[in-house]
Structures are given as structure tokens and as C-alpha cells.
Amino acid sequence: MDKVTFNVFRLDPEVDEEPRLDSYELEFKEGMTVLQGLFDILERHDGSLSFRYACRESICGACALFINGSYRLACRTQVKNLGSEVTILPMPHLEIIKDLVVDMTPFWDNYERIKPYLMPAEEADLDKERLQSQADRSSIDEMIDCILCGACYSSCPSVWVDRSREYAGPAALLWAYRFLADSRDDADDERIALVGNERGIWRCHTIFNCADACPKDINQTWSIQQLKKDAVGRVIGLKRK
Amino acid sequence: MKYHQVIVVGGGLAGLRAAIEAATAGHDVAVLTQVHPVRSHSVAAQGGINGALANMPDGRDDTPEKHAFDTVKGSDYLADQDAVEMMTALAPKLIRQMEHWGCPFSRTDEGTISQRPFGGGGFPRTCFASDKTGHALLHTMYQHIVKHGIRVYEEVVAISLVVEDEVCRGVVAMDLQSGEIIPMASDAVIFATGGAGQVYRPTTNSLIVTGAGHAMAYKAGVALKDMEFVQFHPTSLHGTNILMTEGARGEGGHLKNNLGERFMEKYAPSAMELGPRDIVARSIQTEVNEGRGFESQYVHLDLRHLGSDKILERLPGIRDIAINFAGVDPIVEPLPVQPAQHYTMGGIDCNADGGTAVAGFYAAGEVACVSVHGANRLGGNSLLDTIVFGYLSGKNAGEYVAGKEGNNKEHSAVAAAFEQAVKDIEELRASDGPMDPSDIREEMQDVMFRDVGMFREEGPMRSAVGKIEELKDRFSSIYLRHRGKKFNLDLYRTYELGGMLEIAHVIALGALERQESRGSHYRLDFQDRDDENWLKHTIAYYTPDGPRLGSKEVAIGKWQPEARRY
């Protein structure tokens, strides 16, 4: 493969009436990633293209896009695995600021709303750490891999139909469970009260799009199910931990 | 005109830590950040954060003093020893505080924070969260920004620092989403904008690590210090140059040449793979240059003998990266690694309080040069630097603004700087010359790596200085491909390039002037350290004709300079 065609979604909502796909023929180089292709367009073909980037090593979460029909991090996606035709869209169901740059405000607002921070009952002394067993620590391994890229949020049908943007969505609920499951956290009641409603866990219909979309192979639905079990356990008088 | 008592520029670990300290002291604080805070380059730190917690059975005798000594020795005695001792003394408390705030550190059998050995350290001293420590710390830090409701201006960058009569009055900012230029007055400004790695390629650094803060401060008349000291990390993944953590060697990984030899035997017979980074990086490059590498480009980092359990538990992040980016699984194959630019030891000349020669202007983290890293930073000390000097600069800026509330509100110097910035940006936007900024960027990165890199010599460096001057000249007649306002990457990246050329000039000239070898600065024509003439910091001031260099004393304390042996 010497050449590859990038079809890139373009829209400036203040100027364009309709979105369009612009096509660019790029030189293929061994090891080329989709993000490198976008930079090639920006620097050698069309300086008007807008997209987000930062680490280029799949840890910062800036470049999640909808590439050839799947959620992918542009920086980690090898062009050679996609063939000679690459179609790049912004993450669907989010407002477009320009081209591939979407408005993540509802995503961040919902993340902030679940109180994504440790809430221990007592302040600890700076002369020692809170103890945590290796087993307790590894019980949150999967959740803390989240890079907040927003792919799960964009992929969730419950988000799509929620015009108010009040449904927390998979990532925020994953983080709610990450803190509930942390042996150092003592705010279970408050956390369940925050998410045990129609803006939280009960709007998850276990569709698993989130787990499918996640570039870090996290199963958000599983975490949400744990929150549901905890919430139900409270109602029927079982204590979870 | 907007106003906040304290403006923090940069949303990585140092900036967020500073913002939390100033805000919890009751001040009105705002953070400006080019990317959402969790996208900042701190997120990519892997191996860990150093502190003498003495949690491990073979590390019970560790103390902040021993940590300070290792840091000073690692710095090749260019670090200021008072600042180093302050940092290592604060380390255990501030690391535990991150644990209290929720950071998911890996644990020992007793449930305390686990620690691993790192290069140049005498003890297992590096606290870690598997091999994603920066990610764990940055998310925890951002969660505390959320908890305290601190104002974050996302995708808003500072484009000039406003200084009048040696007093800081605020910044002028640009909203990347709208392209709007915004005057922002404040009583104190803290720069925590990260390093300048993109001046080089290859680099392990994120694409946003462009030295923008260095350039803004320098242009505003603040001195830069020790910029010629640039760290090359020994082990970046061949091809993409993504970091392969020093923790891989800390866990027992071996470096091997094409003869299968653990070649570090020749260069650091007792520390072996855990020598300091400057020595290991030069050793790898020497093996490659002398024909004992692979494809004349890289050596092997062999982890196979660690076994899959250890790799999956302690090094899952780099395994994923190696599989995804190089198609290599370190459980079954050795990793191809080569040195790449990694860290900017130099930076804004400041003291251990984070303060500079400009009242109300502070710097913290990689953009700052206190100096605690001197000529070579030890692995695990950069994350520590961010939380210690983030904390101190936030605390001190808070104390500085107390009683000054509203002093700089609607300040005329900010209004004047705003008008100048609008003019400058419009001029840049209208650029219509023959030169392509992308070519200039690539030529700068290549000449810096080749001639002001791991091995330096007068002739090539002299021509590199000439090349940078030529590139600066060409930069004055560039063209822009796009003139729009909204999210104009072409415009902002070209703005960044203007600053990077200034930084490259300072690095190259400083390296040319310093006629000795010390830490990361290794001269083929002056291979020994020369304490008599060069045990001093380089200071660089901006002039329109290029950097004006001076010097400053090094604070020597308990430890007299001696030869570094590992």
C-alpha cells in the first residue's frame, strides 16, 4: 500500500449549512497511525482541519473518534489495519464545535456530578498512609484504567435519547463504582443516593455499547450492575460490604 | 477584562497542585489549560514518584537525606542542595497526601504504599501505581479540583505574560475554541506549562509539550536557567519513541546488544541497568554507534525472565503500548528500545519558593528550574517535583496576594498587552510569505537532536546555532494555511513554533558555551567535568538579537562535588 485515502468529516456549524466529507490522498508509511495521517493533512494539505490531540500514546484520551465505523483512539489506530480507505467522523451524539472537535461539556458535567473523589469518614494523619490490602487495591484495577475519552458516553443509547443531558452515562457511573468499591471510601450511602435514580443507574438498560466502544477494554456495564446490586441490597435489607 | 487573584497556567500535576493550595487558602483561583486537565502530559508518567517512605524490607534505612544525596549526585552536583533537601524532606508527607486524596498506589503485603528501585537511587524508593503512576496521580489531582470547585478555563492558552516595573499584572489568553483573545488581570501568576520536548525529535514527550511557558516568560524578561541540560531517556520504543518506563529495569529488566551481552557491565559495573539516565542513554547509543545494535538503531530491553505474572501485574501499561504500537509482546520477545529526548532540566529561573525575579510571578514543575535536577534528573523525581513545587508555589503565591485583592483589576498594563497581542496574532494570522512552518519545525527538531543531543562538540554545535538563526530568519516570512478563528490549529501551532525557535537558540548557545561535560551535557571535546570553571548555573536573557548569557552560583551544602561512579 503506497497511498491511503482519508475521508474526513468537516463542519463549521456557524458557516456551513451541511456537513461534508473531504477526501485526502496521503502517502502511506509503515507504522502510520490515524493521528499521524490527520497531522499530515493539517501540515501538508489543509490547515483548516480541527481535531484534538495530546499524548499520542493512548493514555490521555484526547483523540477518541469514530473511525471506519468503530470508536477508536486515533493515535493508537494503525492505518494498515484499516485498508486503503479511512473514514473519520467525530464521536456521534455530541454537539460539534468544528470538524472532529466535539463539545464534551455534558460528559464532564455528569462526571463532576457523581462526586468523583475519595470521601473517607476521617481525615488521615500525613505521617502514615491509609492501609489497603493488595486484594482491595486490585479490585479497582479495571475502573482506574479509564482515560475519560468519552467513547462510552457517545455510544450509549440511553444518552442519545436523553435530551436533557442529565443521565450520568457509563463513564460517570463507572467512576461512582470505582469510589464505592475503594476500601478507603466511607460514603456509600451518599454515592448510592447520587446515582440510584433515573438520572443514574436505573437508566442503564444493559445494552453494553459502552463496553464495546471502550478503547481500554473496560466493562462499564458490569460496574453499573454492581451499583444496582448495592442499591437493591439496601432496599431488601442486605448489606453489600 | 477578566480578573482572578491567582491565575495558574497549565493543568498538569504542578499547576493543579498549586491551584488547590492557593484556593484552599481562600483565594480566587483560575486554571488556564491548553487541553482538558486529564490530557496533560503528567498523565503519561509511568514508573513512579520518589520519597523516602522506607516501606520495603530492603529499604528500611532510607531517609530524606539519603534521597537528597542520590539526587545531588545524580545531578552531577549542579542541583542547589538546599532546594533538594527541602524537596526530599517534604516528599513522604506530600506523597501520603496523594494517597489520602485517593491515589490508587500499588501496595505492599502490609498494605502500605509499595516502592520499587529506580536508577541512581540506593533504595527501593519509587512509589508507584503499576506502570501508570502519572495517570493515577493526575486523575486524583483533577478530582480534587472538582471537589473544591476550582475554575478551569479549558482549551484556553496564555499567549503573553504581563510584567510592568518588575511586577506581574496578569496574562493575555486565547480561547482556542473561539479564537477570542482575552485580557486576564491577576495579582499573581503561576506558570506550570511543562517542558519543551518538542524542540527535539525523537522525543517521548506529548505533542503539546512545546515550551510555550518558557518562551512567554523569556520574552517577558524573566531569565531561563540551565537550558542546555536536556535529558535523553535510555528506553523509548523504537519507531514511535513512546516511553518504556525505567520501572521495567527497576523490576529487573536487562539491556542487551546484538551479541546478547548485558553491555551495562562495561559502563556502570555496579549499578548496571540502574545507572542514572544520562549514563545509560549514552551507553546504549555507544553500542549502536559501534555496530552492536539492531538495524543500526536500537538495543533490546529484555523482560522475558521476569515472567508473565510480574509483567502483567507491574508493567501492564508498557506491555499494551508495545503490543499496540510495535507489535511486540514483552512476555515473549525483547523490546526494541532507543534513547529519545525526555525531560527539560532547565527552565524559568526561580527559587525554592517558586518565585522569580518578577514579583507575583511563580513557576513550578518542568517549566521551572529551581534547580533540583541540575545536570541530570533521577527517574521518579519529576513527579515529586510537580507536587512539592506545585504545593510551595501555590502556598507562596497565596501568601503574596493576601491583602492585595483587586490590585491589578482592570490594570492598564494588561489592557496594553491585550492590544499588542491582538495585533501580533492578527499579523501572524495574515502571514503570507514563502516559508512553510512545518518544514521549519522539522528542521529545528532534527538539527537539535543531531547536533545538540547526547554527544556534543564545538563544530556541529556552532553550525546548529547558525541553523537556528537561519530558521528564525525564515520564520519571519512564513505562510499560514488557514486564517479562521475557531480551533485554528495552524495558527496556534505556528505561534508555538515561534517560541520553540527561541528556546532552541538558548539551548544550543548554552551548550556551545559550556566547555565541560556534566550530567546530560556530554562534550566529546571536553569530556571531563570542570568544577573550577563551570560549577555554575547558566542564565539566559532575551534580546532581539538572541540570548544574552550569564551565570549564577550553585548552592552547595553538605556534599562537596566528587566524581560520579555507579
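This is a predicted model: local features need pLDDT of at least 70, side-chain atom pairs count only at pLDDT 80 or more; totals for chains, interfaces and linings use all residues.
Helix α12 of chain B runs over residues 412-429, and its 18 residues reach 26 Å from the first C-alpha to the last, close to the 26 Å expected at 1.5 Å a residue. The residues of α12(B) that are buried are B:V414, B:A417, B:F418, B:A421 and B:I425. They lie on the same side of α12(B), because the arc they cover around the axis is only 110 degrees. Behind such a pattern stands the geometry of the α-helix, which has 3.6 residues a turn, so that residues three or four places apart point the same way. On the face of α12(B) that is turned away from the buried side, the exposed residues are B:S412, B:K423, B:E426 and B:E427.

Elsewhere in chain B there is an open sheet of 3 strands, whose order is β3-β5-β4 and whose pairing is antiparallel. Its edge strands are β3 (49-50) and β4 (115-116) of chain B, each of which pairs on one side only. Between β3(B) and strand β5 of chain B, residues 126-127, the antiparallel pairing extends over 2 bridges, and B:N50 has B:T126 in β5(B) as its bridge partner.

Chain B also meets chain A, in a contact that takes 42 residues from chain B and 40 residues from chain A. On the side of chain B that touches chain A, the elements giving two or more residues are α3 (81-100), α4 (133-147), α10 (316-326) and α15 (489-513) of chain B. The largest share comes from α4(B), with 6 residues. Sorted by class, this side of chain B has 16 nonpolar, 17 polar and 9 charged residues.

Turning to chain A, the reader finds 10 helices and 7 strands, with C-alpha atoms that fill a box of roughly 60 × 40 × 30 Å along the principal axes. Of the 241 residues in chain A, 48% are buried. Among the contacts in chain A between residues at least 6 apart in sequence, 66% join residues that are at least 24 apart.

The domain assignment divides chain A into domain 1 (3-102) and domain 2 (105-235), and the C-alpha centres of these two domains lie 29 Å apart. Where the domains touch, 13 residues come from domain 1 of chain A and 11 residues from domain 2 of chain A. Strand β4 of chain A, residues 70-73, gives the most to the domain 1 side, with 3 residues, and the residues on that side divide into 8 nonpolar, 3 polar and 2 charged.

A last stop is strand β5 of chain A, residues 85-89, which has a covered face with A:V86 and A:I88 and an uncovered face with A:E85, A:T87 and A:L89. In a regular strand the side chains alternate between the two faces of the sheet. Strand β1 of chain A, residues 3-10, runs parallel to β5(A) and is joined to it by 4 bridges, with A:F6 standing opposite A:V86. Strand β3 of chain A, residues 64-67, pairs with β5(A) in the antiparallel sense over 2 bridges, and here the bridge partner of A:F66 is A:L89.

Technical notes: Residues are numbered from 1 along each chain as its sequence is written. Chains are lettered from A and ligands numbered from 1 in the order in which they are written. Domain bounds come from an automatic or database domain assignment. Two residues are in contact if their C-beta atoms, placed from the backbone, lie within 7 Å. Ala, Val, Leu, Ile, Met, Phe, Trp, Tyr, Cys and Pro count as nonpolar, Asp, Glu, Lys and Arg as charged, and the others, Gly among them, as polar. Two strands pair if DSSP finds at least two bridges between them. A residue is buried if 20 or more other C-beta atoms lie within 10 Å of its own, exposed if 12 or fewer, and partly exposed in between; C-beta atoms are placed from the backbone. The expected span of a helix is 1.5 Å times one less than its number of residues. The arc is that of the directions from the helix axis to the C-beta atoms.
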